[in-house]
Amino acid sequence: MERNKPDQKALIIVDMIRGFVNEGALADPYIGTIEDEIVRLTRKYLSNGDKVIAFKDVHHESATEFKSFPPHCIVGTSETELVDSLKPYEHSMKVIKKNSTNGFFAPGFIEEIRGIKDFVITGCCTDICVQNLAITMNNFFNQKNIPHNIQVPRNAVETFHNPEIGHDRHEMNEAAFKFMSQAGIDVVGGIELGKRKSLRTDATREIDHSNGDAVRDRWLETSGGNPELGLGKWD
Ligand SMILES: [Zn+2]
């Protein structure tokens, strides 16, 4: 894997796949309304030489997640394909498959973001996979005292609408925005491109910055640099 450049930013696209937008048990076509904004961000990031990471939810038929959600996005089905508008960029993205609602634990993710401190998280669903990832990334960097900036643009995330099961799109989006924002995630209206947004530079973060890389390197060493992150084992 190529080493990330200093100052490299990452756009993360969560689950913008057919199984959540176009077809299958969990699809809600309304989620497609954020596609244009995500395509715009993707083009900009790629043309700047920044990284675009796209998560795909991909499960085997016996996935334990199906105790919590109806079967969806089974390996080999078209539900696991990116939505059409993003397909032209797929070869330039780093695609990571995940088997839970938290992409942080997907094999390869940690290694892929190594050294990057500036993130924008987009995609679906706001209150599930987006929120889980954003909070866990924030927890991870805080635990290691690694300075970071995680933004979630309201105009590039969305969730499904199913009031029959108590899942009102508007309500759940707002709840997730509030939850993430209070946890320290930078929830913004949208991402202005052209100006590179700099990391926060308050004193504490500046101090931590000096040993952030060493701390992270140590963490990767002690975890064995293992892309599986110990999956399947408790220790
Ligand atoms: Zn899933």
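Good morning. Apart from its neighbours within four places in sequence, Val130 contacts Val14, Ile121, Gly123, Cys124, Cys125, Val152 and Val157. Please bear in mind that this is a predicted model.

Val130 belongs to the largest nonpolar core, which has 49 residues. The residues with the most contacts inside this core are Ile13, Val14, Met16, Ile121, Cys124, Val130 and Ala134. Which helix gives the core its largest share? That share, seven residues, comes from helix 4, residues 126-143.

Let me now step back to the whole chain. The protein chain holds six helices and seven strands, and their order along the sequence is β-α-α-β-β-α-β-α-β-β-α-β-α. Of its 235 residues, 31% count as buried. If we take the contacts between residues at least 6 apart in sequence, 79% of them join residues at least 24 apart.

I turn next to helix 2, residues 35-47. Which residues of helix 2 are buried? They are Ile38, Leu41, Thr42 and Tyr45. Viewed down the helix axis, the buried residues of helix 2 fall within an arc of 105°, and they therefore line one face of the helix.

Just after helix 2 comes Gly49, with a positive phi of about 80°.

Strand 4 leads us to the strand pairing. It pairs with strand 5, residues 149-153, in the parallel sense over three bridges. Within this pairing, Asp118 has Asn149 of strand 5 as its bridge partner. Between the two strands, the chain crosses through helix 4, and this β-α-β crossover is right-handed. Helix 4 is also the element that supplies the largest share of the core.

Strand 5 is joined in turn to strand 7, residues 186-188, by three bridges, and these two strands run parallel. Here the bridge partner of Val152 is Val187 in strand 7. Thank you.

Definitions and conventions
Residues numbered from 1 in each chain as written. Predicted model: local features only at pLDDT ≥ 70, side-chain atom pairs only at ≥ 80, totals over all residues. Core = buried A, V, L, I, M, F, W, Y, C linked by C-beta atoms within 7 Å. Buried ≥ 20, exposed ≤ 12 C-beta atoms within 10 Å, placed from the backbone. Helix = DSSP H or I, 4+ residues; strand = E, 2+ residues; numbered from the N terminus. Contact = placed C-beta atoms within 7 Å. Arc of directions from axis to C-beta. Pairing = 2+ DSSP bridges. Right-handed = clockwise from strand over helix to strand, strands pointing away.
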